[in-house]
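Me: I am new to this structure and would like to learn how to read its features. Where do we begin?

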Amino acid sequence: MRLHPIALALAFTTGISGLAHAQSKEIRIAHIVDKTGPMEIFATQSSVGLKLGLEYATGGKMEVAGRKIVVIDKDSQLKPDTGKALLQAAYQDDKADIAVGPSASHVALAMLPVARENKKILILDAPAAEYLTGSKGNRYVFRTGRNSDHDAYANAIVMGRPGNFIGTLAPDYAFGRDGVKSFREALKGTPAKLVHEEYAPLGAADFTAQAQRLFNALKDQPGRKIIWYIWAGAGNPLKIMDLEPKRYGIEVVSGGGTSLPFMPAAKGTMIGSESATAYYFQCPKNAANDWLIKEHTKRFGQPPDFFIATGMMTGIAIVEALKKTNGNTETETLIKTMEGMSFDGPKGKVFFNKDNHQLMQPMYHFRYKLDPAMDATVTQGVGVDCIREIRIDEMKISVTKLK
């Protein structure tokens, strides 16, 4: 059947219009973070970092293959049920192509099945519990942040020395329990001895009981005595310093890194102590980190922090994957592209492990110091000596293949 010329022209015009609409469709990224509650500082950093990473990787255009990138911000309020509901709404109602977040491991755990059910990509940036990209993970989940194994194995390299006796202090929830589990496994291959573990409720104000048990376990040991602590969220584990562990020759060291707002607590208590961190702005030496330091300092008046770098890596990872797919956001295409994908970020060359979708990345051996150049910053004069980069291949991180 022959079409009338007017009908043919109308059909052709409609086809062109539909094609143009398809090609100009937005790339929608839902960023679900815990802005309400004690992890607000980490959520804000992740949000800033993600947008800086998208800007950096797109050369400021905020588009890939002619498709505009739109970020939809949501607050999971540190509540697993809220995070789960927001992710479902992001995929179903907001038509998000990719979701990113949250800040806390227990919220992330509730969100993982939603990614599987919707067959959509979820990128974890801040939550560190190893099992999120291990035994509890699934093929739709990737992680750009370091995990508890990175913290544990890097710290075991620094502290796993002959004559070291170590007790641990951590919050009594997923991040703390999983972090100590990883550290326990990492120390097995070293001459150091883990002699005691303590857990405190998130938000605890009094650490007297935990400190006393740690002191009793360590004080009579014949070598160097160390309390290794990790913490995220409400509460201040450094309250144990009020109980004077030094009277027993006990040192306190951070196992969780160098988040800038918490560094002033090291003044007078941990200056000279060594540990491992995922990021301190002066440690990585590369073009992406130079850009991040310059732009963040110009816009916010201070250097970038821990989760800003992680957020930037998330943004770069998304853009690099979309460049390889020419803007195609179909889930199976993205999974195939991202598995094993490497890219350059503020921590240098990093890559996604094919088997568990964890971003493999270096860590940094550091020493706390007093730094007059940091007097006017949020660290109040506490700085870091970057001793060396701990390479990816030095950390014997186990991998659980995703199902």
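**Reading the features**

Reply: We begin with one cysteine. Cys283 is buried, at a relative accessible area of 11%. The model is a predicted one.

Me: What makes a residue with 11% relative accessible area buried?

Reply: The cut-off for buried is under 20% relative accessible area, while exposed means over 50% and partly exposed covers the range in between. Cys283 has 11%, so Cys283 is buried. Cys386 has 34%, so Cys386 counts as partly exposed.

Me: How many disulfides does a search of the whole structure find?

Reply: The general idea comes before the count. A disulfide is a covalent bond between the sulfur atoms of two cysteines. Here the search of the whole structure gives 1 disulfide. Its partners are Cys283 and Cys386, with 2.1 Å between their sulfur atoms. The link is left-handed, with -85 degrees about the S-S bond.

Me: Which parts does the pair tie together?

Reply: Cys283 sits in the loop between strand E11 (274-277) and helix H8 (287-300), and Cys386 in strand E16 (residues 382-390), so the pair ties together parts 103 residues apart in sequence.

Me: Strand E11 also holds Thr277. Is Thr277 buried or exposed?

Reply: Thr277 is buried, because its relative accessible area is 0%, and the cut-off is under 20%. For its surroundings, look at the contacts, leaving aside residues up to four places away in sequence: Thr277 touches Gly257, Thr258, Phe306, Met363, Tyr364 and Phe366. With Thr258 there is a polar contact between the two side chains, at 3.1 Å.

Me: What does the side chain of Glu251 make a polar contact with?

Reply: Its partner is the side chain of Arg224, at 2.7 Å. Glu251 belongs to strand E10 (residues 250-254) and is partly exposed, with a relative accessible area of 29%. Beyond four places in sequence, Glu251 touches Arg224, Lys225, Ile226 and Ile227. A separation can also be read between C-alpha atoms: those of Glu251 and Thr269 are 8.8 Å apart, the two residues being 18 residues apart along the chain.

Me: What is the volume of the largest pocket, and which residues lie nearest its centre?

Reply: A pocket can be read by its volume and its lining. The largest pocket here has a volume of about 510 Å³. Its lining has 32 residues, and Phe42, Trp231, Ala232, Ser259 and Phe262 lie nearest the centre.

Me: How do the residues of that lining divide?

Reply: The lining of the largest pocket has 21 nonpolar, 10 polar and 1 charged.

Conventions. Residues are numbered from 1 along each chain as its sequence is written. This is a predicted model: local features need pLDDT of at least 70, side-chain atom pairs count only at pLDDT 80 or more; totals for chains, interfaces and linings use all residues. Side-chain values use heavy atoms; hydrogens and water are left out. On a 1 Å grid over the protein atoms alone, a cavity is a set of points where a 1.4 Å probe fits but cannot get out, and a pocket is an open set with protein on both sides within 12 Å along at least five of seven lines; lining residues have an atom within 4 Å of a point. Grid points are joined across faces, edges and corners, and a volume is the space filled by probe spheres set on the points. Ala, Val, Leu, Ile, Met, Phe, Trp, Tyr, Cys and Pro count as nonpolar, Asp, Glu, Lys and Arg as charged, and the others, Gly among them, as polar. A disulfide is a pair of cysteine sulfur atoms within 2.5 Å. Helices (H or I, at least four residues) and strands (E, at least two) are DSSP runs, numbered from the N terminus. Buried means under 20% relative accessible area, exposed over 50%, partly exposed in between (1.4 Å probe, protein chains only). Contact means heavy atoms within 4.5 Å. A polar contact is a pair of N or O atoms within 3.5 Å; within protein, one must be able to donate a hydrogen and the other to accept it, and residues adjacent in sequence count only if both atoms are side-chain atoms.
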